[in-house]
Amino acid sequence: INAEYMGARVKAGNLKGALADYDRALEINPKYPRALYQRGLVRQKSGDPNGSLGDYSAAVEANPEFMAAFMNRAIVRMEHIRDYNGALEDLRKVTQLEPSQPLAFFNMAIVLSEHLNQPHEALQCYDCALELEPDNAQYYINRANLRTDQLNDHSGALSDYSRAIELDSENTDAYSNRGVLRMG
């Protein structure tokens, strides 16, 4: 069973066909992590967050080191289920499995700052994300927003917005937010 080959239907936009292929693969081998993960992707893309959550959970149960399944389960938990503690747990697992995954640290920072009211821990996560991906303007903007909105660190925020502009001179959010800070 090759779940990647079955993914060709997803790429072609045939989600029903892809779902049928994954269902058949899972009839043959109900614990096949890749097919569970891929079916989770189809369900997520089809607007079935509970189905995708179940598939990602089954995938990590079948393979406790399946980093992508943990990452996608965290995203479903964040964006659809609103299980922020569960999302944080999954993202921490991702960083254990793959310590050089900046997106996991970035998403952890969002969960910590926007949903769990832990701004200092969020700042540490943004710092880790930027250490791993120092040329990401969006990471600087988000860290600057955290510094402005929750930490009252306007000089740090100003520095972050300026760095984001250096990296992306067309970023209107960075200019606008820096302008607000400069107004006082």
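Me: What makes the pair Arg92 and Thr95 a polar contact?
Reply: The backbone oxygen of Arg92 lies 2.8 Å from a polar atom of the Thr95 side chain. A polar contact is a pair of N or O atoms within 3.5 Å; within protein, one must be able to donate a hydrogen and the other to accept it, and residues adjacent in sequence count only if both atoms are side-chain atoms, so the pair qualifies. Do keep in mind that this is a predicted model, where local features need pLDDT of at least 70 and side-chain atom pairs count only at pLDDT 80 or more, while totals for chains, interfaces and linings use all residues. Residues are numbered from 1 along each chain as its sequence is written, and side-chain values use heavy atoms, leaving out hydrogens and water.

Me: Why is Thr95 called buried?
Reply: Its relative accessible area is 13%, and buried means under 20% (exposed is over 50%, partly exposed in between; 1.4 Å probe, protein chains only), so Thr95 is buried. Thr95 touches Ala104, Phe105 and Met108, not counting residues up to four places away in sequence, where contact means heavy atoms within 4.5 Å.

Me: Why are α3 and α5 called roughly parallel?
Reply: Helix α3 (residues 33-45) and helix α5 (residues 67-81) pack at about 25 degrees, with axes 10 Å apart. Angles under 35 degrees count as roughly parallel, over 145 as roughly antiparallel, 65 to 115 as roughly perpendicular and the rest as oblique, so α3 is roughly parallel to α5. Tyr37, Leu41 and Gln44 of α3 meet Ala68, Ala69, Asn72, Ile75 and Val76 of α5.

How values were computed
Axes are lines fitted to C-alpha atoms, for helices over the stretch in contact, and angles run from 0 to 180 degrees between N-to-C directions. Helices (H or I, at least four residues) and strands (E, at least two) are DSSP runs, numbered from the N terminus.
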